[in-house]
Amino acid sequence: MAAAVATPVRPDLLEVRGVSKSFPGVAALEDVTLRLRHGTVHALMGENGAGKSTLMKIVAGVCTPDSGELRLEGRALRLGSPGQALAAGIAMIHQELNLLPTMSVAENIWIGREPLNALRLVRHRELNRRARALLERLAVDLDPRAELRTLPLAARQMVEIARALSYDSRLLIMDEPTSALTEREAERLFAVIRDLRSRGVGIFYVTHRIEELFALADEISVLRDGRHVGTSRPRDLTRDDIIRMMVGRELPPPAAAAPAQAGPVALSAQGLSVAGEFEDVSFELHAGEILGVAGLAGSGRSKLAETLFGLVAPTAGEIRIGGSAVRLDSPAAAISRGLGFLTEDRKESGCFLSLSVLENLEISVLSRDFVRMGFVHAAGARRACERMVSALRVKTPGLGERIENLSGGNQQKVLIGRCLLTRPKILILDEPTRGVDVGAKAEIHQLITRLVAAGTAVLMISSEMPEILAMSHRVMVMHEGRVTGILERAAATQVKIMDLAAR
Amino acid sequence: MQPALADRTAPSATAARVRRLPPEAGILLVLIALALAFELLGWIFVHQSFLANEQRLVIMILQVSVIGVIAVGVTQVIITGGIDLSSGSVVALTAMVAASLAQSSEAVRAVYPALIDLPAIVPVAAGLAVGAAAGLVNGTLIASTGIPPFIATLGVMVSARGLAKWYTRGQPVSMLTDPYAAIGSGAVPVVVFLATALLFHVALRHTRYGKFTYAIGANREAARVAGIRVGRHLVLVYAIAGLLSGLAGVLTSARAVSGQAGMGLMYELDAIAAAVIGGASLSGGVGRITGTVIGTLILGVVTSGFTFLRIDAYYQEIVKGGIIVAAVVADQYRRRRRLTAT
């Protein structure tokens, strides 16, 4: 911040001047002007579809603006491809990871720029050494030779970040880099970002997490419906100011969990284990209760959710639904017993990207309703889906729209709708608001609260501490595959949870 | 990919109109263009009409009906994201088995001297059963071992061809009963093809079976999470594809009034080509029977058109390969343009 004031002569690192971009029928960006100074973190906020990603794609050379221009250190910059952007010192970390799953960490980082020997063969030892050095700078404990697909999502994201850093870029674009990271991993990333900033690198930082802004950003710009709403310093803004700028309307008050009407036990686990993943997990989940599950990546919480839903077979222990022991050999069996599951990985195991919103919504309920003699009662299914779409306020041009064309928040709502159509008594939600904008997030929280008030039992895994604290009646904390504590709402504080999660 | 479209409720009028065209529209135009091209070339080079010849059109559809029946099954396999290389060999095997049970008393050395002059339903049922069994093997291999469909069906392709040869030690099976031969004569194969296509068109669009088939191809893991018993469903899809190959085997042997182990050679590739020309995507989740029917007709028009122009059979194959690739390239180009437009 101070540096920017002290060097008034030096032109800004990047200036975006009057940039507009429209896709057929839609204006994605209209006359956006903003500047990124050397050695600063410039946060971009906005709801899904506000134009942040389009703007960043223009800066990264992925698309070209219809009008307006970019100036890099005072000189006009014309980018025809991401390659030209990289050559100009601009690197982007994509929201959707662009990695090669069957190649090693080091190969992924240096792809296309491998060190070669005289015979033009790849010098693997040198390749791995360079990758290791880079990962050490990020303070990431990863084997450069590990095959990428064997790594968890958080580690893959670190590889993507390492790759962007490997270009020695002056301008780095980060599109929601923390959406798949735990708090500890995010902290590590922030340290790296601060280090880069102190070396003069300018960073565009797109995020949905307002907490991060105050920790990290030097300037905040807000986009809404493709227009630049304003730019300020974080210290001049409150959380509510930012939300108001982004949404352009008043948001419903933050969801607070209704007092638990401790109903009967809906779901319980006794000594549940999956070898190598988690061990001896026991808990009881009551009807009308939200049991939050907190823990760092690798704590086994997602594997636990998958086991409860029949995706993974337990190696020991017992699951009880409504008091009777069950053996769930498949998700189909779990759904028929009244379970619903929201996956943490929307793209991998959630959406059918090539299919319509309707087809994505109805698929689970077809195992039970709207089918006679194998034939789908199309009108009935459509009506139910229409009701669900309007109840969840999914923004889509129609039920026939491909789900691929919806924003992340709306895709998430469709997946939640898919669960709800089967009318589950027990909902297992794994990161229900990951990569979702503030507006949609508040709506999802309200929806969960309503369901719980109506007697649904909810097991909610989340990496976001505010979400865990605001929503849960009780919080179960996991660490390296074991339950380290179950806290009542009154006793659940951030410090206490972190203590149990990271001991 | 985060198109801003999602937040606007009304896409422009032109966008909506473009979207309402069925995906087969493009490939139907290719079919019409090819037919008109042959018509034009016909007047120039051989001085007669290509299309205004009922007999030629009937023969053309008759020739591709068997491929069409197979392609209907293969399309469903492709929609799941799989592939079936075994169809051609299964045609041979089922043709042999069906023919061996359809021999008349005039046969000099019948395969089963005790089983002659059986009603036609017996060989037909046997052919269908053997086809379904082959498909069941494909599906079970894929679902239970997790090996890629390419490998599983490649294995069955080789073995089924071997079985077809072993069955009579390479001897052709001839002297079939008249009722059986009737199945392959006249317009019967065409009717069977169109009925099969209609049946599975409805099944894919309007039944749970169809919905699950598309879902598995679009995202197998998501399908499992959504509560579909993926393995069981795949076995069913491959069994149906096998059954239809069996039906094709019955038609082939009835039409030739014999069973030969060399029947159905390369049919699997023609069937895959028909499905892919018709818009089915080998990466799964996309494909329609109507497209496949048009794809089948394109193959028929090309073969029949070249014969009509008296072009050497060698050239025919060379050009046919090019047309298959060109059709798919054109289709992908069209799709990509639509994708970037959104």
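Modeller: The part I would pick is helix 8 of chain B, whose buried residues pack against helix 3, helix 9 (208-218), helix 11 (230-256) and helix 13 of chain B. Helices here are DSSP runs of H or I with at least four residues, strands are runs of E with at least two, and both are numbered from the N terminus. The model is predicted, so to speak of local features a pLDDT of at least 70 is needed, and side-chain atom pairs count only at pLDDT 80 or more, while totals for chains, interfaces and linings use all residues. Residues are numbered from 1 along each chain as its sequence is written, and chains are lettered from A and ligands numbered from 1 in the order in which they are written.

Helix 8 covers residues 188-206 of chain B, 19 residues in all. From first C-alpha to last it reaches 27 Å, close to the expected 27 Å, the expected span being 1.5 Å times one less than the number of residues. Its buried residues are Pro189(B), Val192(B), Phe193(B), Thr196(B), Ala197(B), Phe200(B) and Leu204(B). Seen down the axis of helix 8 of chain B, these fall within an arc of 130 degrees, so they line one face of the helix; the arc is taken over the directions from the helix axis to the C-beta atoms. Val191(B), Ala195(B) and Leu199(B), on the other side of helix 8 of chain B, are exposed. Buried stands for 20 or more other C-beta atoms within 10 Å of a residue's own, exposed for 12 or fewer, and partly exposed for the range in between, with C-beta atoms placed from the backbone.

Helix 3 (residues 54-79) and helix 13 (residues 289-308) of chain B have axes 8 Å apart and an angle of about 140 degrees between them. Axes are lines fitted to C-alpha atoms, for helices over the stretch in contact, and angles run from 0 to 180 degrees between N-to-C directions. The crossing of helix 3 and helix 13 of chain B is right-handed: clockwise in the convention where the near helix, turned anticlockwise from the far one by less than a right angle, gives a left-handed crossing. On the helix 3 side of chain B the contact includes Arg56(B), Met60(B), Val64(B), Gly68(B) and Val72(B); on the helix 13 side it includes Ile289(B), Val293(B), Leu297(B), Gly300(B) and Phe308(B). By class, this contact between helix 3 and helix 13 of chain B holds 12 nonpolar, 8 polar and 1 charged residues. Ala, Val, Leu, Ile, Met, Phe, Trp, Tyr, Cys and Pro count as nonpolar, Asp, Glu, Lys and Arg as charged, and the others, Gly among them, as polar. Residues are in contact when their C-beta atoms, placed from the backbone, lie within 7 Å.

After helix 6 of chain B comes Arg169(B), with a positive phi near 50 degrees.

That last angle leads to chain A. Most residues other than glycine have a negative phi. Helix 15 (residues 408-421) of chain A is followed by Arg423(A), whose phi is positive, near 50 degrees. In that helix of chain A, 14 of 14 residues are buried, and its end C-alpha atoms are 20 Å apart, which agrees with the 20 Å that its 14 residues should span. Asp31(A), not a glycine, has a positive phi of about 50 degrees. Its place is in strand 2 (residues 26-36) of chain A, and with 14 other C-beta atoms within 10 Å, Asp31(A) is partly exposed. Glu73(A) also has a positive phi of about 50 degrees without being a glycine. Glu73(A) lies in the loop between strand 4 (67-72) and strand 5 (75-77) of chain A, and its 16 C-beta neighbours inside 10 Å make it partly exposed.

Terms used. Contact = placed C-beta atoms within 7 Å.
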